[in-house]
Amino acid sequence: IARIAAVDPAIHAFLETTEALALEQAARLDAAVAAGTLAECGPLAGVPVAFKDNMNQTGTHTTCSSRMLENYVAPYTATCVEKTVAAGGIPLGKLNMDEFAFGSSTETSAFGPTKNPWDTSRVPGGSSGGSAAAVAAGLAAVTLGSDTGGSIRQPGSFCGVVAVKPTYGVVSRYGVVAFGSSLDQVGPFAKTVEDAAYALNAISGRDPLDCTSQDITTDFTANLEQGVRGMKIGIVPAFMEAEGLDAEVKAKVEEAAANLEKLGAELVEIDLPNAQAAMSAYYVLGPCEAFSNLARFDSVRYGYCDPGHADLGSQYEASRAGGFGPESRRRIMLGSYLLSAGVYDKYYYPAQQVRTLITEDYAKAYEKVECILAPVSPRTAFTFGEVSDPTSMYLSDMFTISINIAGNGGMSLPVGLGADTGLPVGVQLIAPQFKDQNMFRVAAALES
Ligand code: GLN
């Protein structure tokens, strides 16, 4: 808590600190230490943790970094938060993000951006920028974020920390404010692969409150020592040759591939013929789901209410115009248009067909390989304001989006600093659905 007070003013990873909750949990653990029962307090006992501000925790604000929810205090707790605390984590607070998780830089937060701890003139990535920066700056050992198109992995790469988006369904989404319900997945940030595996162990599994969550009994720490000898690892030539992939990032991915080969893995070229359509499909499906999910912020049941309107229509209009920032409004309008009569058949329906094709591409690739190695982001962290048009910002996720479309797990593993910028670079490891342990195994081998 003292370190957050000293360091965070320069980083702005935290929107709120929850000192009372932290001390309460710490007291409980101290009592367990005194009683000699600490071992019963869970695998995260005493680990300082913090949560992206789209995760509800009773009595704390859940703002989604939006004016719309600036004064909203959660009356209940998200399952991922509850499980982290039940596993012994000490909850330090709520972390900054792009507004409603729309973005790749944390610059769309209504409460000001988070800064990259490696270079405070640069963005930490997004949308879970606060979650990545808090771990990188040593303000929490484990944080949780959410990833709809890259929002865990890309900030993980920009901040040089381990960042895991599990297979869709591994972690309950109950109590996490929805962006794209069929794409969103919660996952951990940590300094090491092992820490991230313990954190995922704690939060994964079936939750009766989220019907898409699965009965996961996997121990994600089980294969960390196994090494990669004999493992087949896929490389996607189309990703490596992609326009816009910076040379220093490409070099790091190639270096990781060479290291895996040295460690006894076999590299296999694979083809994902429909992956180049992932971005287009995502910017149809994502806004459609966001439009639908954000309809609940109507100024009556939740959120900002513009005062003094005589009729409901003008109250809705003024409240939504005043409560949502520009990127949120852009997504809502896009989704509203794409789902309208006549337009739906032209975009939404084909995007769903593309989704099936991409999912099949991955399934086919995994007949030949057990894990895929790819870039995370085409470049290292950019400076504030440098990427100013929305379409260029959307390209940040060109290597991360297809697995949200397909539902697979993926993680970003830091592999050192880029030769040109001297900033952190991550490589992406992508697992078959519900075989997330494969990517942990490869990551642990590369890390050591
Ligand atoms: N950057 C992507 C977007 O703005 C992904 C965001 C996310 O994963 N939440 O939609």
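A word on axes before you click: they are lines fitted to C-alpha atoms, for helices over the stretch in contact, and angles run from 0 to 180 degrees between N-to-C directions. Helices (H or I, at least four residues) and strands (E, at least two) are DSSP runs, numbered from the N terminus. You're looking at a predicted model, where local features need pLDDT of at least 70, side-chain atom pairs count only at pLDDT 80 or more, and totals for chains, interfaces and linings use all residues. Residue numbers start from 1 along each chain as its sequence is written.

First stop: select 278-293 (helix H9) and 344-365 (helix H12), whose axes come within 9 Å and cross at roughly 125 degrees. That angle makes H9 oblique to H12 (under 35 degrees is roughly parallel, over 145 roughly antiparallel, 65 to 115 roughly perpendicular, the rest oblique).

Now show side chains. On the H9 side, Ala278, Ala281, Val284, Leu285 and Cys288 meet Tyr347, Tyr348, Ala351, Val354, Arg355 and Ile358 of H12; contact here means C-beta atoms, placed from the backbone, within 7 Å. By class, that makes ten nonpolar, no polar and one charged residues (Ala, Val, Leu, Ile, Met, Phe, Trp, Tyr, Cys and Pro are nonpolar, Asp, Glu, Lys and Arg charged, the others, Gly among them, polar).

Next, pick Lys52, Ser127 and Ser151, which the unreviewed UniProt entry annotates as "active site". They span 100 residues in sequence, yet no two of their C-alpha atoms are more than 11.0 Å apart, so they gather at one spot. Lys52 is in strand S2 (residues 48-52).

Key
Contact = placed C-beta atoms within 7 Å. UniProt positions renumbered as here; feature names shortened; annotations may be inferred.
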